[in-house]
Amino acid sequence: MAIKYRLYQDNREKSAQKGKWYAMAVVNEVVDTDQLAELIQRNSSMKRSDVMGVLTELSEVLRDQLLAGNRVKIDGLGSFKVGFSSRPADTRAEWVPSTHVTSTRINFQPETTFTYSGGKRTRSATALQGIEFTELRGYDDGSNEGGNQAG
């Protein structure tokens, strides 16, 4: 299977890249916890209910560990940690989280692997080794070039 993409053109008036073409990844579908459990059951000796229990517990333990300020590393996948944005205070004494933290998020950093090709060392996400791309078929890319649509 390949990652599908669609092409789009930068049409922003003041853009230095106006007229240039880019690609954007297209998501096929959303796979939820139930579907993950079913897929894992098919590939292992565990029952779906056992897998659901583990996935549910993983979600709860991950949350607990993040709220405790820990980084959570899942081998083969990557690490999760808490991040946040804040507004400045005039003095150190005036800065308080309840007033100055503006948003929170979970940062994910994928596990990476170094590869060597043509004398160059590159780093890529381990989970994406062997990735391939294919253009999504049958969409209007806005090119209006007489039938030059993907398809």
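This report describes aromatic pairs, strands and selected residues in a predicted model of a protein chain.

**Basis of the model**

Residues are numbered from 1 along each chain as its sequence is written, and side-chain values use heavy atoms, with hydrogens and water left out. Because the model is predicted, local features need pLDDT of at least 70 and side-chain atom pairs count only at pLDDT 80 or more, while totals for chains, interfaces and linings use all residues. Here pLDDT is the predictor's confidence in each residue, on a scale from 0 to 100. The protein chain has an average pLDDT of 90, and 95% of its residues reach at least 70. Over residues 146–151, pLDDT stays under 50. For that stretch the model has 11 contacts beyond four places in sequence, a contact being heavy atoms within 4.5 Å.

**Aromatic pairs**

A pair of aromatic rings is described by the distance of the centres and the angle of the planes. Rings of Phe, Tyr and Trp (its six-membered ring) pair if their centres lie within 6.5 Å; planes under 30 degrees apart count as stacked, over 60 as edge-to-face and the rest as tilted. By this rule there are 2 aromatic pairs.

Tyr8 and Tyr22 form a stacked pair, with 5.8 Å from centre to centre and 25 degrees between the planes. Tyr8 is in strand E1 (residues 3–9) and Tyr22 in strand E2 (residues 21–26), so the pair links parts of the chain that are 14 residues apart. Strands (E, at least two residues) and helices (H or I, at least four) are DSSP runs, numbered from the N terminus.

Why do Phe80 and Phe108 count as a tilted pair? The ring centres of Phe80 and Phe108 are 4.9 Å apart and the planes stand at 45 degrees, so the pair is tilted. Phe80 belongs to strand E4 (residues 78–86) and Phe108 to strand E5 (residues 101–110), so this pair ties together parts 28 residues apart in sequence.

Buried means under 20%, exposed over 50%, and partly exposed in between (1.4 Å probe, protein chains only).

| Residue | Relative accessible area | Class |
|---|---|---|
| Tyr8 | 32% | partly exposed |
| Tyr22 | 32% | partly exposed |
| Phe80 | 16% | buried |
| Phe108 | 41% | partly exposed |

Is Ser79 buried or exposed? With 11% relative accessibility, Ser79 counts as buried. Leaving out residues up to four places away in sequence, Ser79 touches Arg71, Val72, Lys73, Asn107, Phe108 and Gln109.

Ser15 is found in the loop between E1 and E2. Ser15 has 16% relative accessibility and counts as buried. A polar atom of its side chain lies 2.9 Å from the backbone nitrogen of Gln17.

Strand E6 (residues 112–117) runs antiparallel to E7 and is joined to E7 by 6 bridges; two strands pair if DSSP finds at least two bridges between them. Within this pairing, Thr113 stands opposite Ser124 in E7. E6 and E7 form a hairpin with 2 residues between them, and Gly118 in the turn has a positive phi of about 60 degrees.

Lys120 is in strand E7 (residues 120–125). Lys120 is exposed, at a relative accessible area of 58%. The C-alpha atoms of Lys120 and Asn107 are 28 Å apart, although these residues are 13 residues apart along the chain.

Methods
A polar contact is a pair of N or O atoms within 3.5 Å; within protein, one must be able to donate a hydrogen and the other to accept it, and residues adjacent in sequence count only if both atoms are side-chain atoms.
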